[in-house]
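Here's a quick briefing to read alongside the model.

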There are 2 protein chains.
Amino acid sequence: MKEKEIKLDVNNMFADVIGKEHGIPKDEIDDYQDTANKIHEKIKKDRAKGKMGFMELPAQSEELISEIEEEVEKREGYENFVVIGIGGSALGNIALQTALNKPYYNLDSKKRNGNLKLFVPDNVDPVRLKSLLDSLDLEKTLFNVITKSGSTAETMSQFLIAREAVAKVVGEDNLSEHFIATTSKDSGYLKIIAERENFKTFYIPESVGGRFSVLSPVGLISAAFCGINIRELLKGAAAMAERASTANLRENPAYLNALLHYLAYNQGKTISVMMPYTHQLKDMADWYRQLWAESLGKELNRDKEVVNVGPTPAKSLGATDQHSQAQLYMEGPYDKIITFIEVENFDEEVEIPKIYEDIEGVNYLGGHSLNELIQTEKKATELALTKRNRLNQSIILPEVNEHTIGQLIYMLELQTAFAGELFNINAFNQPGVELGKNYTYGVLGRKGYGEMKKEYNTRAKKDNNWII
Amino acid sequence: MKEKEIKLDVNNMFADVIGKEHGIPKDEIDDYQDTANKIHEKIKKDRAKGKMGFMELPAQSEELISEIEEEVEKREGYENFVVIGIGGSALGNIALQTALNKPYYNLDSKKRNGNLKLFVPDNVDPVRLKSLLDSLDLEKTLFNVITKSGSTAETMSQFLIAREAVAKVVGEDNLSEHFIATTSKDSGYLKIIAERENFKTFYIPESVGGRFSVLSPVGLISAAFCGINIRELLKGAAAMAERASTANLRENPAYLNALLHYLAYNQGKTISVMMPYTHQLKDMADWYRQLWAESLGKELNRDKEVVNVGPTPAKSLGATDQHSQAQLYMEGPYDKIITFIEVENFDEEVEIPKIYEDIEGVNYLGGHSLNELIQTEKKATELALTKRNRLNQSIILPEVNEHTIGQLIYMLELQTAFAGELFNINAFNQPGVELGKNYTYGVLGRKGYGEMKKEYNTRAKKDNNWII
């Protein structure tokens, strides 16, 4: 069987469909081919220099994949798998799980088929973490602590709390049966701890940043423990890598999508909405939200000029958000691109029964399927947006499975890297979050951050007249 | 005990704190007092005419509240409560549940304390709905079907499917033990069905639109079945209604917040981010997203001029999204207002234990609490944004409970109504979603929508060269 390819349909982005005022002239695509060629060469060079780690993930070694699979085999008698991580160390895990496992997986053992429940507490909310630890049978719980630097305050705090809770139940000597560490190979505090505690450790390649790491052990381990076929996932990514290895904008969906977003951004369409018409990809839109925002939201360009650039990603969900956001998309400012994700074949077909045939306003539904309804709603919303001259496009998945999700992930990652070059910014750093982080370190008393604490403490006093 | 008031801290919205280029001059608040007085009078008049239904909800009749409570008492032996609704008939139910019940409530009977599990499938995704119905013991499941019009295609489809599944298990004669209807008192198809099937029925006041309906039976019934104190919730809303009954912008948080958003919008700050620093309010931000977008996103103003106005709401979550969106907020375009929600006292205090005291980069965490960490992160992010001259403000909840959530909901609803007047648009309609809806009706063959089907079918053919 030929593996099924995902498609990008950009018809409704163009001036000849949605009008000159808001649409993009088709010529511009070819006009940018030279630029695309240059960026393509730059990406190849950067890759050769070892800077584009995410591009190497589809072809990770058989040794690593087997190691992960063996780990799953080896760990018997567990019920729960808890990911301790935040941002790029959490979002991908959640997205893979909701995309590729059955809804209500955690609630129903039939759906798990012997695999582990997955929990990603993610946040450092005390109510949430305590609630989770109270609910789990810790003797049957395996944690994967994920932080590349080994010093992420949120992750290490959660780890310390979980470690204490587990130690109380299983004893200090059995901790290694309950913790895996996923971190940098060469440095970092988590590595030191993992060695001391004899935790099984997986490594995040140095050149793979958090938001590009879902196809590394960061995302693969929890996926494998939840029964997701990680080999197919990587094959899907490899298939997209192959398709997207051309510089030709008319053939490379990652490049074309990046360019269209860039051109639209320059016309004031600064909000990028991702709107899957399947509940399963809801969290994929959230994962993309980090990828796009943190990569492209930058103060300085590569020439050190202040540009304060960056599209704002927004996640949306069809058909649900037709009853929440669609009014704004249809009638509000012309400041958005809507990217639908359409699924051609769902895993289930659900018929709407014919009941109340005498009641108009209900009787027309019977005999159709829920599949028809959601697919029609997508097409109807697409048409209505197009009639209103609103930029929109569709990513079409033949079905939701490991292979198509692998394709989608790789496409969006490469698209982000390419968009970074178009915006002439560094898509792989995040200097803007340092200040807030450093204040936190300062206040909590981390060594070397005394100055930050001082600065924090000298902040302007609030005027109580404006706290009402 | 004096009930605890929520507060709105707007210090960091002003020019004297974040600079003239982006900040709002304080004078402008007083300059707008006359406008505020006029809007205040208009709202009062509209209310007197019966147009402002949401304002009557805090003082709903004792009769109704008792009826809901008795319904909960009467229904014995159930395990699950399923809300069948979409948009305003779903989001509020979800938001109340996550805000006011313990995290992982559905997964752990200890947390439910005898109350029912809550499910809000919301979407018309066939995989999701089938998965839910397969997982539930339908003999022990009670559904609340919510649609004011009684003709919402998504809701009625889900109902038909659920009805068939339940009938198979309990028989056609026992359906009324498993379905409640919440709909219009005077008309609509659901009312007809409910009468025929002898379903217990609750009514949505005519003057309360979906997105303003969470404090009506729409949100109260599922809340009551999940053990939430709906009397306290309404008392909280009433307390805010009382506080917000003044036209004085310096005293009325709903009006002040609306005005600040309006002024900021006119300066190009068109994205309104709500960022609670507690996981429990994550879905409240989603509920707000509908309220704000659907109310204010409008093509025409009240004078029928084309304005295509409307701020774009975005939900965010602290501390999680510091690792996802903060980079963009700090360095990207100056197009956002960030509204933090801060919680002063969490229901739990979680200590970070002192372990690995010799390991720098981790050892400073021990002895602090997770509460300190998340609260410090909020304040650190606030300070960093302020230093970067980014508009931000905070809604401060003394704690998360029914009373404070009631206050918050009412404040945001009134704020939305007031903002509608500032923008000179009708905040209570949603004409922009009709077209897409009507295409769907047409395609599915609803009587009277034949023309829409024709129009749908004559849509431009896609150019396959641009589907890659």
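Where is A:Ala319 found? A:Ala319 sits in the loop between β10 (312–315) and α14 of chain A, where helices (H or I, at least four residues) and strands (E, at least two) are DSSP runs numbered from the N terminus. Keep in mind that this is a predicted model: local features need pLDDT of at least 70, side-chain atom pairs count only at pLDDT 80 or more, and totals for chains, interfaces and linings use all residues. Residues are numbered from 1 along each chain as its sequence is written, while chains are lettered from A and ligands numbered from 1 in the order in which they are written.

**Confidence**

- The model comes with ipTM 0.97 and pTM 0.98.
- Chain A has a mean pLDDT of 96, pLDDT being the predictor's confidence in each residue, from 0 to 100.
- In chain A, 100% of the residues reach 70 or more.

**How the two chains sit together**

- Two copies of a chain are related by a rotation about an axis and a shift along it.
- On the counts, 127 residues of chain B are in contact with 127 residues of chain A, with contact meaning that the C-beta atoms, placed from the backbone, lie within 7 Å.
- The top contributor on the chain B side is helix α15 (residues 370–387) of chain B, which gives 11 residues.
- Sorted by class, that side of chain B has 59 nonpolar, 38 polar and 30 charged residues; Ala, Val, Leu, Ile, Met, Phe, Trp, Tyr, Cys and Pro count as nonpolar, Asp, Glu, Lys and Arg as charged, and the others, Gly among them, as polar.

**Helix α17 of chain B**

- Helix α17 (residues 434–444) of chain B is largely enclosed by the rest of the structure, because 10 of its 11 residues are buried.
- Buried means 20 or more other C-beta atoms within 10 Å of the residue's own, exposed means 12 or fewer, and partly exposed is in between, with C-beta atoms placed from the backbone.
- The buried residues of α17(B) include B:Leu435, B:Tyr439, B:Tyr441 and B:Val443.
- They pack against elements of both chains: α14 (326–331) and α15 (370–387) of chain A, plus α8 (153–170) and α18 (450–457) of chain B.
- Just past α17(B), B:Gly445 has a positive phi of about 90°.

**Strands in chain A**

- Strand β5 (residues 179–183) and strand β6 (residues 200–203) of chain A are parallel partners over four bridges; strands pair if DSSP finds at least two bridges between them.
- A:Ile180 has A:Lys200 as its bridge partner in β6(A).
- Strand β8 (residues 298–300) and strand β9 (residues 306–309) of chain A run antiparallel, joined by two bridges, and A:Leu300 stands opposite A:Val306.
- β8(A) and β9(A) form a hairpin with five residues between them, and A:Lys304 in the turn has a positive phi of about 65°.
- A:Leu397 lies in strand β12 (residues 392–399) of chain A and is buried, with 26 other C-beta atoms within 10 Å.
- Leaving out residues up to four places away in sequence, A:Leu397 touches A:Ile6, A:Ile341, A:Val343, A:Glu344, A:Thr404 and A:Leu408.

- Most residues other than glycine have a negative phi, and most peptide bonds are trans.
- A cis peptide bond links A:Gly318 to A:Ala319, with omega about -5°.
- In chain B, the bond from B:Gly318 to B:Ala319 is cis too, with omega near -5°.
- B:Asn308, in strand β9 (residues 306–309) of chain B, has a positive phi near 40° and counts as partly exposed, with 16 C-beta neighbours inside 10 Å.
- B:Asn424 has a positive phi of about 60°, lies in the loop between α16 (402–422) and α17 of chain B, and is partly exposed, with 14 other C-beta atoms within 10 Å.

How values were computed: Two residues are in contact if their C-beta atoms, placed from the backbone, lie within 7 Å.
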